[in-house]
There are 2 protein chains.
Amino acid sequence: MSISTTKPIGLFDSGLGGLTVLRELQLVLPEHSYTYLGDNARFPYGTKSVETIIRYSRECAQFLLKHEVGLVVVACNTASATALSILEQELPVPIIGTVGPAVREALEATRSGIIGVLGTSATIASHVYENSLRERDASIRVISQACPLFVPLVEAGMLEGEIVDKVIELYLAPLKAQQVDTVILGCTHYPLLLKAIQGYLGPDVAVVECSRAIAADVQRILANNRAPAGESTHTQYFVTDEVGQFNQLAALFLGERQVQAVRIESF
Amino acid sequence: MSISTTKPIGLFDSGLGGLTVLRELQLVLPEHSYTYLGDNARFPYGTKSVETIIRYSRECAQFLLKHEVGLVVVACNTASATALSILEQELPVPIIGTVGPAVREALEATRSGIIGVLGTSATIASHVYENSLRERDASIRVISQACPLFVPLVEAGMLEGEIVDKVIELYLAPLKAQQVDTVILGCTHYPLLLKAIQGYLGPDVAVVECSRAIAADVQRILANNRAPAGESTHTQYFVTDEVGQFNQLAALFLGERQVQAVRIESF
């Protein structure tokens with residue numbers, strides 16, 4: 001599929017988490033424009049059913065297409081794990097999810113072949129990381145762990161301290177016991193807990209964030225399609241619910257940068 | 001407003017929490033039929049904006065009216081705090097929220113006049129408990145505390161243990177420091193943490209659950225309207241998202257009783 005030379009790159013997420021992906025893209029591809037949609041009226045996706053996540057993802061992707069994006073990044077692991085293959089069939093533009101890029105990076109990083117995967121309940125229940133890792137290398141051992149308290153902790157602005165450490169121990173002790181040497185952060189909220197997670201796992205365990213791997217994929221697709229950047233670059237932020245909290249927390253995800261989101265009618 | 005003699009009592013909540021209210025109603029009024037709607041496709045409400053919570057609450061109430069309920073119980077503190085006065089104006093049947101009954105019970109319980117209120121971010125931001133308590137007794141001191149991690153803990157099935165105790169300490173230490181003698185659990189999820197909360201506060205602090213107070217109000221309204229129970233009683237459960245998790249967790253809220261929910265198309 002060809003990509004327009006001037007169209008922005010679209011991203012969607014159930015809320016704020018996808019901003020970690022946007023941040024990485026803006027670092028690697030600063031000359032591009034971006035359109036970000038955070039569906040915070042229906043946040044979170046990670047506790048919802050497959051059918052509902054697919055419906056929500058379709059609506060988000062359609063919104064981005066109406067805003068004439070040239071490429072869609074599903075900047076949400078839950079939506080990627082659940083809806084990506086369906087969106088790939090339906091959308092007239094290239095689409096990139098979180099799973100493929102993270103799996104590629106994890107396979108490059110592991111030496112022992114024992115990989116841990118952290119994600120929301122929906123992502124872990126989908127087995128998409130496990131299947132994708134073992135499709136590419138059947139010898140890989142995968143230890144998966146749903147971490148339902150991580151997103152609420154991040155959303156509550158709790159990124160360190162005793163409670164965070166106890167929750168990390170609760171979820172990560174089984175991975176440590178199985179001696180994983182690589183851990184995939186399979187949710188775009190989790191990079192905000194990176195310091196505490198890396199602290200618990202120790203410096204010898206590679207922690208894979210999706211955002212860097214996604215940015216590399218987007219870069220490659222754009223290069224293959226010979227799609228140079230548009231002349232004037234800008235980033236637009238849309239949300240389906242409250243703007244105030246989004247703008248406030250966005251600074252946390254984007255590294256203190258201020259944003260002004262626009263509220264749209266929820267679907 | 002008159003109440004039909006045979007129509008069921010309708011309840012709605014953003015998910016499971018309202019089942020604690022249903023449970024109490026079924027204990028007090030076992031001869032009535034009930035229609036319960038859990039809007040779990042858009043759960044939780046407590047982190048959403050006022051405008052969005054009002055829209056969701058309207059849609060839930062309309063669904064219950066289509067199912068011919070004779071009375072609507074807003075079994076969700078967030079929706080009660082935000083949308084009750086609007087629904088009262090719009091609905092053709094009596095409507096009961098969580099706030100009024102809980103406030104009445106707290107004022108009966110307090111001796112020192114220092115009352116703590118725990119709730120979701122949206123409920124606490126609405127100041128509805130504070131305003132309602134002080135409207136009835138201007139001498140009351142209110143210490144309010146948003147507890148954004150309580151609902152995720154309950155939904156993750158974590159009702160006791162070290163992490164629960166640490167989170168309770170985090171939220172309740174300010175209330176203890178102010179020497180509250182009464183605490184309102186301003187969220188229908190929180191009664192599941194009652195044991196741990198009461199353990200931290202000690203036996204001399206009265207903990208007010210909305211459910212009992214609501215059941216007393218419903219009983220009074222029915223008596224005033226001379227509305228005897230229908231001849232055959234039954235309870236119907238509707239959800240907007242996954243049935244499996246709802247049925248499974250419902251047993252936790254209803255005291256091990258099994259339910260069979262019906263999934264409806266989300267609004």
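This is a predicted model: local features need pLDDT of at least 70, side-chain atom pairs count only at pLDDT 80 or more; totals for chains, interfaces and linings use all residues.
## Where the chains meet

## A helix pair in chain B

Two packed helices are described by the angle between their axes and the distance between the axes. Take helix α1 (residues 19-28) and helix α10 (residues 210-224), both of chain B: their axes come within 8 Å and cross at roughly 45 degrees. α1(B) and α10(B) are therefore oblique to each other, and their crossing is right-handed.

As for who does the touching, α1(B) brings B:Thr20, B:Val21, B:Arg23, B:Glu24, B:Leu25 and B:Val28. From α10(B) come B:Cys210, B:Ser211, B:Arg212, B:Ile214, B:Ala215, B:Val218 and B:Gln219. The class tally for the contact of α1(B) with α10(B) is seven nonpolar, three polar and three charged residues.

## The sheet in chain A

Over in chain A there's an open sheet of four strands, ordered β6-β5-β7-β8 with parallel pairing. Its edge strands, β6 (141-146) and β8 (206-209) of chain A, each pair on one side only. From one strand to the next, the twist averages 20 degrees.

Zooming in on one pairing, strand β7 (residues 182-186) of chain A runs parallel to β8(A), and four bridges join the two. One residue to look up here is A:Ile184, whose bridge partner in β8(A) is A:Val208.

How values were computed:
Residues are numbered from 1 along each chain as its sequence is written. Chains are lettered from A and ligands numbered from 1 in the order in which they are written. Axes are lines fitted to C-alpha atoms, for helices over the stretch in contact, and angles run from 0 to 180 degrees between N-to-C directions. Angles under 35 degrees count as roughly parallel, over 145 as roughly antiparallel, 65 to 115 as roughly perpendicular and the rest as oblique. A crossing is left-handed if the near helix is turned anticlockwise from the far one by less than a right angle, and right-handed if clockwise. Two residues are in contact if their C-beta atoms, placed from the backbone, lie within 7 Å. Ala, Val, Leu, Ile, Met, Phe, Trp, Tyr, Cys and Pro count as nonpolar, Asp, Glu, Lys and Arg as charged, and the others, Gly among them, as polar. Two strands pair if DSSP finds at least two bridges between them.
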